[in-house]
There are 2 protein chains.
Amino acid sequence: MNSFDELIKRMSSGERRALGKIITLMENDSSSSAYIIPQIHNLTGNAHIVGITGPPGSGKSSLVDKLISCYRNDGLKVGVIAIDPTSPFTGGAILGDRIRMKRHYTDKDVFIRSMATRGNLGGLSEATGNTIQALDAFGKDVIIIETVGAGQVEIDIVKVADTVVVVSVPSMGDSVQTLKAGIMEIGDIFAVNKADIEGVEKCIIEIRMMLELSEKKGGWIQPIIKTFGNKDDGANDLYESIKNHHKYLIESGHHEQKRIIRGKTELINILQNLFIRNLYDTISEKEMEELAKKIANREKDPYMIIEELIPRLKKFI
Amino acid sequence: MNSFDELIKRMSSGERRALGKIITLMENDSSSSAYIIPQIHNLTGNAHIVGITGPPGSGKSSLVDKLISCYRNDGLKVGVIAIDPTSPFTGGAILGDRIRMKRHYTDKDVFIRSMATRGNLGGLSEATGNTIQALDAFGKDVIIIETVGAGQVEIDIVKVADTVVVVSVPSMGDSVQTLKAGIMEIGDIFAVNKADIEGVEKCIIEIRMMLELSEKKGGWIQPIIKTFGNKDDGANDLYESIKNHHKYLIESGHHEQKRIIRGKTELINILQNLFIRNLYDTISEKEMEELAKKIANREKDPYMIIEELIPRLKKFI
């Protein structure tokens, strides 16, 4: 038995450290994923995947913290993937945001994993997908993905969730407008957080108006829930809404649909990563630099260079 | 002379409509870019490229509006690329934000272009790069790229700029922390906007502290400029800072370095797009759906499917 099989066995028997190790292996090296995923794929498909997204400062982490408590009160096992737009040199977001979920770190049925957007050469979506698989195989009942909903990659990640919660707060300047622009249409549930500050009713009306303009999501009417940064009221309502949506998905058949979309996203992410890695295997960092210099000096243009590169790339994927 | 040549000729002679048409052509169809870019590449390399980034609600558009006025007062020609996290169904961000730059729309030496992040299947970076080229070839002295600095794609886009301005505002909850996490390290200049509201000094101290922790940018000490949402004070200081940084880049030789990085980014973006398009040429939407269904049903795992797909993909890039 090789060390991968050993790790997978230990993970399947419920060893948290083995789970952590497997996620790290898959994050660092996609050939590990190519070995591990086929072994665990048949254990997956049971978890409810919940995406929580919203602008910086909207209090997503505090909400996630409270949702974890709700799930734990019902005896359910929770995995959390927190996508951090972290820079390697500060590590700020991890220390800052994750501290809010601290009290759950000692609970053996809660597994929290931070993933940085930096240093992931196009690989964030693949890494997230694989981490979902691992947590699912590990027996988590729910997997929460938390992400700042502003970039395309973040939106792509969160939209593979079964249930997407969009968090906003009253009077954050352009925030509702920006929400509307980017992520309104992927929200199944809207949480208006910090609902004890001024402007909450205006915020709700704005969301309601935008929802009326948008395409209907089958038979599901997106609820707008008031939640409160520092109190527990509201978090329970949000929790109930998430459970209702899950029930709706299964009964309506939309659940299956979401799984297919997720499968497609996984395929494309992995292929794209494969391409990038092969590109760097074919063209060395040094040669890439030389070519870039020619573009910078206007000696050649990028399309001309690509014309020359294509025959060499054909050997790969 | 084909219609492309005709358009390029009209653009080169200063016709705005031809410029707009060329940008649209390149956005919609990469084979147009492959024809157009080589024709205009030797006209480029003169514009100063300025990236303006910051969280939603930080007042980036108002600042850009004021910067345009500063440039115009000096008789310089301005291009603006505004990256909108816009959804096709609302179009909200374009209408909302861009209205702030309205007064410049009638100025024939200001060209403002909005680009949506949605519907750009991995092609946003390529489209932005090509639009920069077109504006540069058109004779713009400065090209401003405005983007919400939260996603990886947005960060990738803005970091190709010669000069990157990071905008923050006091007391936006986690905003400074989030800035720190994602985009602090790419900032050449920091603007603290809405500096007439409470918390501005604290915000400046936080930025200063984080800069002290970060890697130095050669001999350039990143200035922190106070700007004001509704007044003109501060915008001039920011303008001067941007010009100083440009001067510094040229004198220090860093300008050349940035151009090489930009060349490299262009190459990779175009290759990646080429790959995705070829992927969709090889595997039909219908077949992709079938494969995704197998993943969803746990019949096969994605890595297994990719193993089978690779021989077919080898025919392409």
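Colleague: How does β1(B) pair with strand β4 of chain B?

Modeller: In the parallel sense, over seven bridges. β1(B) covers residues 48-54, and β4(B) covers residues 142-148. Strands here are DSSP runs of E, at least two residues, numbered from the N terminus. Pairing needs at least two DSSP bridges. B:Ile52 stands opposite B:Glu146.

Colleague: What numbering, and what kind of model?

Modeller: Residues count from 1 along each chain as its sequence is written, and chains are lettered from A, ligands numbered from 1, in the order written. The model is predicted: local features need pLDDT of at least 70, side-chain atom pairs 80 or more, while totals for chains, interfaces and linings use all residues.

Colleague: And which way does β1(B) pair with β5(B)?

Modeller: Parallel again, over four bridges. B:Thr53 stands opposite B:Val166 there.

Colleague: Why is β1(B) largely enclosed?

Modeller: Because seven of its seven residues are buried. Buried means 20 or more other C-beta atoms within 10 Å of the residue's own, with C-beta atoms placed from the backbone.

Colleague: Which residues point which way from β1(B)?

Modeller: B:His48, B:Val50, B:Ile52 and B:Gly54 go one way. B:Ile49, B:Gly51 and B:Thr53 go the other.

Colleague: New topic. What does A:Ile144 touch?

Modeller: A:Val50, A:Ile52, A:Val64, A:Leu67, A:Val78 and A:Val80, leaving out residues up to four places away in sequence. Contact means C-beta atoms, placed from the backbone, within 7 Å.

How values were computed: Two residues are in contact if their C-beta atoms, placed from the backbone, lie within 7 Å. A residue is buried if 20 or more other C-beta atoms lie within 10 Å of its own, exposed if 12 or fewer, and partly exposed in between; C-beta atoms are placed from the backbone.
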